[in-house]
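Dear colleague,

Please have a look at it first, and then read the notes below it.

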Amino acid sequence: MLAIGLEGSANKLGVGIIEHPLLGKGHATAKILSNIRHTYVSPPGEGFLPKDTALHHRAHVADLVRRALKEAGRTIADIACICYTKGPGMGAPLQSVAIAARTLALLWDKPLVGVNHCVGHIEMGRTITRAMNPVVLYVSGGNTQVIAYASNRYRIFGETLDIAVGNCLDRFARTLNISNDPAPGYNIEQLAKNGKWLLDIPYAVKGMDVSFSGILARIDELAAQTKSGTLKAPDGGLITPEDLCFTLQETVFAMLVEITERAMAHVGSTQVLIVGGVGCNLRVQEMMGIMAESRRGSVFATDERFCIDNGIMIAHAGLLAFETGQVTKLEDSTCTQRFRTDDVWVGWRDD
């Protein structure tokens, strides 16, 4: 049984085709046949606007579908269902991909399956890493959540109260006017490796939730002082942009480690699965690993093929849902910017 998945909730447009050879055995036997992605990259110092991102998706989606089918070596007749990202995400890009999915469903006479973006990340992460029942840290440009599975739902134990951690990093990259290619968060990570001084900035953990807007405001103030040459290091030298990136990363990642450890203690788990685009960051993986090791646990993460938004995760989660009888009617094939992770009935899990 094959599914094609279309992802376009932000600036990454992805198309993937996956195969589940045995009905109901998707996690054990999933086979990735193609996983193609095209990214809209805005100029340095700028974010990506919804209208421009939507235009990018509309311009490239047909080509990516053709390439995915060719790479998979399969035909339209082999496809059991068409899966697309229903939400959450940016409105205009989501609409572009939803329209593309509906068009394919009508052209090919195939059923549709709307997929929650976060659930796609979780199921792909579980399949790739073989994590059994981990606490999930979902960190991306638009989402920050600590999640654990219980009674056929992914329950949210903690989340951001304002902006996502990835958005915080991306917006600081704009402040520094550094490149968005291949990704602003990646370039922040590289600069942070050369940072020397850890500065005092807010640390905003509120119970199981976190807040990043005040941290961003403060680090922006420090960046202005750095640019003017008025911010001094303890040794009398000048604070550098590398120091600011190091400070920001260490602070926000420490916050994430704290709430993840608290969730692990609450549910009695020894495993952490990091998903989402920020999950590619090696420093957050390292910090989480130190915490997990102290609890005699382990950390699971994927590389950029799967942690960054992609079509294969939508195809996989959609096919799991399809195998349990879940289908999205054509008249219900809408999209939404707000689609809670815990709104999804996870009918394919019985543990």
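This is a predicted model: local features need pLDDT of at least 70, side-chain atom pairs count only at pLDDT 80 or more; totals for chains, interfaces and linings use all residues.

I would start with strand β4, which covers residues 79-87 and is mostly covered, eight of its nine residues being buried. Strand β1 (residues 2-7) pairs with β4 in the parallel sense over five bridges, and within this pairing Gly5 stands opposite Cys83 of β4. Strand β5 (residues 112-116) also pairs with β4 in the parallel sense, again over five bridges, with Leu112 in β5 as the bridge partner of Ile82. Between β4 and β5 the chain passes through helix α3 (residues 91-108), and this β-α-β crossover is right-handed.

Another part of the model is an open sheet of five strands with mixed pairing, in the order β8-β7-β6-β11-β12. Its edge strands are β8 (153-159) and β12 (298-301), each of which pairs on one side only, and from one strand to the next the twist averages 25°. Strand β7 (residues 144-150) and β8 run antiparallel and are joined by six bridges; Ile147 has Ile156 in β8 as its bridge partner. Helix α8 (residues 241-267) lies across β6, β7, β8 and β11 (271-275), and runs at about 155° to β6.

Turning to the annotation, an unreviewed UniProt entry lists His117, His121, Tyr138 and Asp309 under "binding site". These residues span 193 residues in sequence, yet no two of their C-alpha atoms are more than 12.0 Å apart, so they gather at one spot.

Two of the listed residues deserve a separate description. His117 is found in helix α4 (residues 117-129) and is buried, with a relative accessible area of 3%. Leaving aside neighbours within four places in sequence, His117 is in contact with residues including Thr85, Gly87 and Pro88, and also with Tyr138 and Asp309. Tyr138, for its part, is found in strand β6 (residues 135-139) and is likewise buried, with a relative accessible area of 0%. Apart from neighbours within four places in sequence, the contacts of Tyr138 include His117, His121, Ile147 and Val275, and a polar contact of 3.1 Å joins its side chain to that of Asn143.

With best wishes

Notes. Residues are numbered from 1 along each chain as its sequence is written. Side-chain values use heavy atoms; hydrogens and water are left out. Buried means under 20% relative accessible area, exposed over 50%, partly exposed in between (1.4 Å probe, protein chains only). Helices (H or I, at least four residues) and strands (E, at least two) are DSSP runs, numbered from the N terminus. Two strands pair if DSSP finds at least two bridges between them. A crossover is right-handed if, with the strands pointing away from the viewer, the path from the first strand over the helix to the second runs clockwise. UniProt positions are given in the numbering used here, feature names are shortened, and annotations may be inferred rather than shown by experiment. Contact means heavy atoms within 4.5 Å. A polar contact is a pair of N or O atoms within 3.5 Å; within protein, one must be able to donate a hydrogen and the other to accept it, and residues adjacent in sequence count only if both atoms are side-chain atoms. Axes are lines fitted to C-alpha atoms, for helices over the stretch in contact, and angles run from 0 to 180 degrees between N-to-C directions.
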